[in-house]
Amino acid sequence: MEFLVRTENLLPADTPDDVREQLRTGERERAQELRDAGILKRLWRVPGRNATVGLYEADDPAALHDALTSLPMWKWMDVTVEALATHPQEK
């Protein structure tokens, strides 16, 4: 299944710089692991916001949930997920 995942990072502004950098580094590393596993297909930044739009592929919603919750920033993310279905015109 494919999913369109919108995330916004809500990490508190008063988070110490060293903690913020550790989280960013961990987030990049985990995202690469998800890419290597074929789960994270594409990722776009949303200009002017601390937000992304991603195309993910997972066996089912539970597998997607597991992938998203494995991200270091997970607890500071506002996440919206849309399951995608192939349009008949695409066949």
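A salt bridge is a side-chain nitrogen of Lys or Arg within 4 Å of a carboxyl oxygen of Asp or Glu, and a search of the whole structure finds 5 of them. Side chains of opposite charge can pair when their charged atoms come close. The model is predicted, so local features need pLDDT of at least 70 and side-chain atom pairs count only at pLDDT 80 or more, while totals for chains, interfaces and linings use all residues. Residues are numbered from 1 along each chain as its sequence is written, and side-chain values use heavy atoms, with hydrogens and water left out.

**The whole chain**

Helices (H or I, at least four residues) and strands (E, at least two) are DSSP runs, numbered from the N terminus. The C-alpha trace spans about 50 × 25 × 20 Å along its principal axes. Of the 91 residues in the chain, 30% are buried; buried means under 20% relative accessible area, exposed over 50%, and partly exposed in between, with a 1.4 Å probe and protein chains only.

**First stop: strands E1 and E4**

Select Glu82 and Arg6, which form a salt bridge whose closest N and O atoms are 3.7 Å apart. Glu82 lies in strand E4 (residues 77-84) and Arg6 in strand E1 (residues 2-9), so this pair ties together parts that are 76 residues apart in sequence. Both partners are partly exposed, Glu82 with a relative accessible area of 37% and Arg6 with one of 40%.

**Second stop: two further pairs**

Next select Glu57 and Lys41, whose side chains meet in a salt bridge at 3.7 Å, N to O. Because Glu57 lies in strand E3 (residues 51-57) and Lys41 in strand E2 (residues 40-46), the pair ties together parts that are 16 residues apart in sequence. Glu57 is partly exposed at 33% relative accessible area, and Lys41 is partly exposed at 36%. Then move to Glu21 and Arg28, another salt bridge, with the closest N and O atoms 3.5 Å apart; Glu21 is partly exposed, with a relative accessible area of 37%.

Now select Thr15, in the loop between E1 and helix H1 (17-36), which counts as buried at 12% relative accessibility. The Thr15 side chain reaches the backbone oxygen of Pro12 at 2.7 Å, a polar contact (a pair of N or O atoms within 3.5 Å; within protein, one must be able to donate a hydrogen and the other to accept it, and residues adjacent in sequence count only if both atoms are side-chain atoms).

**Last stop: Glu27**

Which side chain of opposite charge is nearest to Glu27? Select Glu27 in helix H1 and look for Arg30, which is 8.5 Å away, so that Glu27 is buried yet has no salt bridge. The side chain of Glu27 instead reaches the backbone nitrogen of Met73 at 2.9 Å. Leaving aside its neighbours within four places in sequence, Glu27 is in contact (heavy atoms within 4.5 Å) with Leu71, Pro72, Met73 and Met77.

Note on methods:
Lys, Arg positive; Asp, Glu negative; His and termini not counted.
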